[in-house]
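Morning, everyone. Let's take a quick walk through one structure. Please look at the screen.

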Amino acid sequence: MAVTQNDVKRMLALIGPAAIGQGAIQFNLLVSTSLAARFLEQGAVSFLYYADRLNQLPLGLIGIVAIVFSTQVNSKLNQGDLEGAQRASANAKTWCWVATAFAIIGLLINIAMFATGGMEQYMMMMEQIQQSQ
């Protein structure tokens, strides 16, 4: 199968919005980290880093399962297995919702940490532990 210029244009049109969205997230993280390092107290950059890791944890653990099921849809359709493709699609959708639920839980944990003192409380606890040793 030869790749034509129209195929490349179509691929770029499909990838474009995702690339822009991910670029915006990375730019936001860069600006937030820079502002936190310059204007906030010690531990703010670490807090942002851990919050980002916590937000991306569901994608790394559960989102991959959804991707695997979603890739099976096309191959099952090509084989003529409509029922198998529908099952794989339903499984992918389920795992996407599970990943979304865990991401919401992670966001709520971030909000709770921020509202209760966040990294400042953690840093104070770590200093107390280090002083007691």
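One definition before we start: buried means under 20% relative accessible area, exposed means over 50%, and partly exposed is in between, with a 1.4 Å probe and protein chains only. This is a predicted model, where local features need pLDDT of at least 70, side-chain atom pairs count only at pLDDT 80 or more, and totals for chains, interfaces and linings use all residues. Residues are numbered from 1 along each chain as its sequence is written, and side-chain values use heavy atoms, with hydrogens and water left out.

Start with Leu30. Buried or exposed? Leu30 is exposed, because its relative accessible area is 53%. Leu30 sits in helix α1, residues 5-39. Helices here are DSSP runs of H or I, at least four residues, numbered from the N terminus.

Leu30 also belongs to a nonpolar surface patch of about 640 Å². The areas come from the Shrake-Rupley method with a 1.4 Å probe; for residues, only the protein chains shown count as cover.

Next, α2. It covers residues 44-78. At Ile62, α2 bends by about 45°. That bend is the angle between axes fitted to the seven residues ending there and the seven starting there. Ile62 is also one of the buried residues of α2, which include Phe47, Pro58 and Ala66. After α2 comes Gly80, with a positive phi near 85°.

Now, aromatic rings. Rings of Phe, Tyr and Trp (its six-membered ring) pair if their centres lie within 6.5 Å; planes under 30 degrees apart are stacked, over 60 edge-to-face, and the rest tilted. How many pairs does that rule give? One. Tyr49 is partly exposed at 47%, and Tyr50 is partly exposed at 48%.

Last, salt bridges. The rule is a side-chain nitrogen of Lys or Arg within 4 Å of a carboxyl oxygen of Asp or Glu. The count is two. Arg53 pairs with Asp52, closest N and O atoms 3.2 Å apart. Asp52 is buried at 13%, whereas Arg53 is partly exposed at 38%. Glu83 and Arg87 make a bridge at 3.4 Å, N to O. They are four residues apart in helix α3, residues 82-115, so about one helical turn separates them.

Notes
Patches are made of residues with over 30% relative accessible area and no salt bridge: like charges are joined within 9 Å, nonpolar side chains (Val, Leu, Ile, Met, Phe, Trp, Tyr) within 5 Å. Helices (H or I, at least four residues) and strands (E, at least two) are DSSP runs, numbered from the N terminus. The expected span of a helix is 1.5 Å times one less than its number of residues.
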